[in-house]
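Good morning, everyone, and thank you for making time for this.

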Amino acid sequence: MKRFLVVLLSLVLLSSLVAAQPYVTVFEGRISTGQTVAVGNYTITVVQAADGSYYLMLRNGSRILELKPFAFGTEIERDGLKILIGSYTAQGGFIVVSVKPNFVTSLRPEVGARASFNGNVVEITAVGNRTIDVSVNGVARTLEVNKSVVVDLIAVEYDGNAINIYAANPASETVSMEYSVFYPYGKIRVSGPVDVPITITSTSDSELSLSLKVTSIPEGWRASFRYEGVEVEEITLPPRGSVTISIHIEPAGSGTVGFVIGDFPGSIQVEDAAVDVSIPYLSLEAEAGQRLAIPVTFTGSGTVEFEPKEVPAGWTMYLTDGQYKLRSFTVSGTFSATLLIEIPRNATLGDHRLSFTVNGEEHGLTVHVYKTYLGQPARLTVILTDESGNPVRGWVSVGGKNITTSAAGSITVELPAGEYRLTASAPGAIPKEETVTLGDGEEKTLRITLARAPYYFEAKVQNDVLMVQAGASATTEITVTNLGSNEDEYRITLEGLEAGWSYVVSQDPSGATPIGSLKVDPGESVSAYLVVIAPFNVASGEINARLVITGKETKREIPVTIKVENPATLSLDVDYPTLTVKAGGSTATKIWVDSMGTTVTNVKITAQAPNGWEVEAVPATIPRVGPTREGNMIISEGPTNVELRIKVPKSAPAGTYTITVTATGDQAKAETVITVRVTQGSSSAYIGIVLLVVVFGIVIWLMRRVGRR
């Protein structure tokens with residue numbers, strides 16, 4: 001039976017949630033007289049009247065909001081809190097308490113989108129044309145457009161554009177009291193003194209004494225507790241019995257009387273019934289996004305308590321005198337106010353009922369929406385300006401998009417309706433964040449003023465590629481612009497040069513006036529010159545360097561490519577380019593090595609000669625030849641001589657031979673050819689003649705001997 005009741009109550013509750021923000025059940029069970037269920041600032045208790053019947057009391061602090069008989073199927077809905085009443089048995093009354101959960105976050109309808117909060121995980125697992133599958137803490141659910149699902153204390157809603165996630169806090173456990181206090185009226189309208197009955201029921205097995213005290217009354221009022229016409233300050237309850245007393249109130253207008261019975265705080269709101277309300281309209285037509293101003297006239301004398309009662313989701317309704325929003329005020333004669341109704345841009349077409357209470361009496365009107373912007377994207381225009389109001393070219397990040405503004409400092413973007421965190425900035429400005437809420441089809445312009453950063457600058461070079469010859473210099477102009485709000489000093493260095501190179505930062509292109517740093521006022525630009533000096537012995541090629549400009553809090557690096565050309569050439573001048581030597585002999589000649597143009601370093605002398613020849617250059621290596629720079633002077637030491645020593649083997653036949661001599665330096669290379677004539681000695685000729693005579697003699701002897709035979 002209990003399971004059936006739970007299912008029935010749940011179906012009734014869920015049926016009331018269709019097409020509305022989802023409710024989440026935070027308590028489900030039975031409570032008895034004297035027990036309390038706390039939900040946020042609200043408390044729910046069961047009290048017993050003098051006739052023995054049971055009531056459910058909903059309070060906010062000491063203020064009674066609702067008092068309903070404990071009857072099956074009774075529903076209470078107040079301030080986002082919904083209570084469904086079941087049956088009352090000997091074990092207590094069965095209730096289901098639900099609340100509108102708090103908004104946590106939104107997810108885009110994309111597979112894998114995920115939200116984690118307070119140990120809970122909501123993840124989108126599948127996306128269809130009209131449905132979306134979600135997992136809530138591992139529980140799979142399917143969502144249709146404009147529908148919601150609830151898993152434990154988490155509600156998930158799909159509006160066709162986004163998945164909205166809500167979460168609620170559980171109700172606290174019930175707390176048992178020794179007594180309960182029941183009074184049927186939390187708010188009354190009177191025109192004179194009144195007695196409000198209060199029934200106190202004991203749940204104790206022994207007598208219970210409770211103090212009675214009026215804690216607060218408006219000025220000029222009188223109030224006291226009475227029992228059978230006698231003022232009392234304490235009451236004694238019989239074991240598990242009840243006593244009915246009254247609180248006597250003599251009002252002087254409208255106000256609230258606060259009291260305490262034992263530890264139980266209570267209050268009764270008293271309204272003077274002497275103020276009439278006049279509203280000229282019963283029904284209006286309007287467009288979604290429109291703001292309606294409806295005149296309301298109050299006539300009479302006394303206090304007015306205004307409270308919105310029935311307002312569609314997303315709509316806003318309040319009473320104003322043109323300066324303040326009104327909730328409670330006094331009237332003496334005639335008072336005119338304006339009821340302002342703000343219709344959301346995503347309002348649905350058709351009739352919408354709005355109502356409010358004035359001193360407990362309900363009033364209302366109907367608004368028919370004939371045009372809506374539901375589902376249409378909003379257009380947001382952002383304009384960036386500086387503190388003087390001038391447009392600033394920068395960037396804006398909103399809705400997952402990073403957009404560069406136009407030269408006029410503006411961007412326009414279309415976004416789905418919702419709340420967005422926007423970040424804007426520009427070169428030299430402090431980033432600024434704004435929160436913007438966009439309605440369906442809304443066109444909104446947001447102006448953002450950016451403040452200049454204390455320290456920020458931009459730098460540029462006239463040429464980031466420098467052409468330089470060995471031993472010469474190249475110059476480029478550097479411009480530094482201070483975009484910060486404070487004066488700054490900038491140090492300029494060049495990094496990445498090889499050994500032997502030098503540079504100077506100067507006020508003039510020639511490098512004659514070196515400077516250590518640049519001081520620049522806010523908004524000003526200053527130029528300097530970078531002069532790069534190449535060494536004499538540098539090889540041709542490219543150097544990738546970095547120009548580093550350092551300010552107080554900022555730093556910039558600009559790549560600089562240095563292309564080097566070295567026109568150096570080597571010359572070889574031989575004293576005797578033609579030599580004559582006997583086989584087995586030696587000879588030598590001097591070779592003069594010099595550089596035409598710039599210095600050539602590490603010059604190595606090598607020779608290519610016939611096999612078996614011995615050729616040696618002394619010295620074989622020359623550290624440096626050619627002119628050098630000392631300060632502004634170029635010094636030339638003249639050519640360097642090398643002795644080339646040649647040794648011819650004895651077996652070398654007579655003839656003419658060549659030796660190729662090569663000088664190879666870091667920057668240049670040169671070759672020359674030396675001719676060597678090799679001759680035979682006189683003793684060798686005599687030996688050849690003797691050999692010929694011997695050979696001929698042997699031949700003649702052999703001919704004679706063979707001839708005789």
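Predicted model: local features only at pLDDT ≥ 70, side-chain atom pairs only at ≥ 80, totals over all residues.

Residues are numbered from 1 along each chain as its sequence is written, and side-chain values use heavy atoms, with hydrogens and water left out.

Staying with asparagine 602, its phi is near 55°, which is a positive value in a residue other than glycine. As background, most residues other than glycine have a negative phi, and most peptide bonds are trans. Asparagine 602 is partly exposed at 41% relative accessibility, where buried means under 20% relative accessible area, exposed means over 50%, and partly exposed is in between, using a 1.4 Å probe and protein chains only. Asparagine 146 also has a positive phi, near 60°, and it is found in the loop between β13 and β14 (147-151). At 53% relative accessibility, asparagine 146 counts as exposed. A cis peptide bond leads from valine 618 to proline 619, with omega near -5°, and proline 619 belongs to the loop between β56 (614-618) and β57 (621-625).

Now to a sheet, for which we need one more rule: two strands pair if DSSP finds at least two bridges between them. In what order do the four strands of the open sheet stand? They run β10-β11-β12-β13, and the pairing is antiparallel. The edges are taken by β10 (114-117) and β13 (139-144), each of which has a single partner strand, so one side of each is left without a neighbour in the sheet. On average, and with direction ignored, neighbouring strands of this sheet are turned by 20° against each other; here axes are lines fitted to C-alpha atoms, for helices over the stretch in contact, and angles run from 0 to 180 degrees between N-to-C directions. Inside the sheet, strand β11 (residues 120-127) is joined to strand β12 (residues 131-136) by five bridges, and valine 127 stands opposite isoleucine 132 in β12.

Let us move on to β30, which covers residues 291-310. How many bridges does β30 share with β33? There are 15, in the antiparallel sense, and within this pairing glycine 300 has glycine 333 in β33 as its bridge partner. Strand β28 (residues 275-278) is joined to β30 by four bridges, again antiparallel, with aspartate 276 partnered by threonine 299. Four bridges also join β30 to strand β34 (residues 350-358), where glutamate 310 stands opposite serine 355.

My next topic is charge. Side chains of opposite charge can pair when their charged atoms come close. A salt bridge here is a side-chain nitrogen of Lys or Arg within 4 Å of a carboxyl oxygen of Asp or Glu, and a search of the whole structure finds 15 of them. One of them joins arginine 291 to glutamate 342, with the closest N and O atoms 3.5 Å apart. Arginine 291 lies in β30 and glutamate 342 in β33 (residues 328-342), so the pair ties together parts that are 51 residues apart in sequence. Arginine 291 is exposed, at 51% relative accessible area, whereas glutamate 342 is partly exposed, at 28%.

Which two glutamates does arginine 546 meet in salt bridges? Glutamate 495 is reached at 2.7 Å, N to O, and glutamate 557 at 3.9 Å, N to O. Arginine 546 lies in strand β50 and glutamate 557 in strand β51 (residues 555-565), so this pair ties together parts that are 11 residues apart in sequence. Arginine 546 is partly exposed, at 35%, as are glutamate 495, at 33%, and glutamate 557, at 46%. Elsewhere, Glu66, Arg78 and Glu307 are linked in a network of salt bridges.

Note on methods
Helix = DSSP H or I, 4+ residues; strand = E, 2+ residues; numbered from the N terminus.
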